[in-house]
Amino acid sequence: MAAQPLSRHTLSGAEINKTFVGKVATDGHHWTYHLKPDGSIDGVEMGRPRKGRWSIHDNRLCLSVPLGAPEQCVAIVREGKGLIFRDNGMDITDVQVEPYRSRQQLQ
């Protein structure tokens with residue numbers, strides 16, 4: 001018997017806010033971003049500290065890392081318990097979101 005496909009749901013702006021703000025998002029390998037409630041990002045990319053900005057526009061999460069970089073806006077899709085960044089109709093990367101614990105988590 002074949003497994004049932006996981007249902008996919010694109011998050012609204014309010015759902016993105018609830019899911020990401022004040023928490024730490026990561027692809028598990030290359031980057032980790034703490035999306036702070038004031039719209040700033042404290043993060044690490046490939047072992048290097050990074051600062052940036054985030055916002056939500058048209059039900060998409062927009063990230064500008066490092067500071068001053070062009071914004072990249074992605075839709076967020078929930079598939080089962082997982083989250084996926086999606087752009088131009090294509091899945092970009094799987095994302096995990098965890099509670100923010102301390103600066104130590106970003107090192």
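The questions below concern a few residues of this predicted model.

Trainee: Is tryptophan 31 buried or exposed?
Mentor: Tryptophan 31 lies in strand 3, residues 31-35. Buried means under 20% relative accessible area. Tryptophan 31 has 13% relative accessibility, so it counts as buried.

Trainee: Which residues is tryptophan 31 in contact with, leaving aside neighbours within four places in sequence?
Mentor: Contact means heavy atoms within 4.5 Å. With those neighbours left aside, the list for tryptophan 31 is Ala25, Thr26, Val44, Glu45, Phe85, Thr93 and Val95.

Trainee: What separates the C-alpha atoms of tryptophan 31 and proline 49?
Mentor: Along the chain, tryptophan 31 and proline 49 are 18 residues apart. Between their C-alpha atoms, the separation is 9.7 Å.

Trainee: Is the peptide bond from valine 65 to proline 66 cis or trans?
Mentor: Proline 66 is in the loop between strand 6 (60-64) and strand 7 (72-79). Omega for the bond from valine 65 to proline 66 is near -5°. That peptide bond is cis.

Trainee: Is aspartate 58 buried or exposed?
Mentor: Aspartate 58 is found in the loop between strand 5 (48-57) and strand 6. Its phi is near 50°, a positive value in a residue other than glycine. Exposed means over 50% relative accessible area. Aspartate 58 has 73%, so it is exposed.

Trainee: What is phi of asparagine 88?
Mentor: Asparagine 88 sits in the loop between strand 8 (82-87) and strand 9 (90-99). At 71% relative accessibility, asparagine 88 counts as exposed. Asparagine 88 is a residue other than glycine, yet its phi is positive, near 50°.

Technical notes. Residues numbered from 1 in each chain as written. Predicted model: local features only at pLDDT ≥ 70, side-chain atom pairs only at ≥ 80, totals over all residues. Heavy atoms only, no water. Helix = DSSP H or I, 4+ residues; strand = E, 2+ residues; numbered from the N terminus. Buried < 20%, exposed > 50% of the residue type's maximum accessible area, 1.4 Å probe, protein only.
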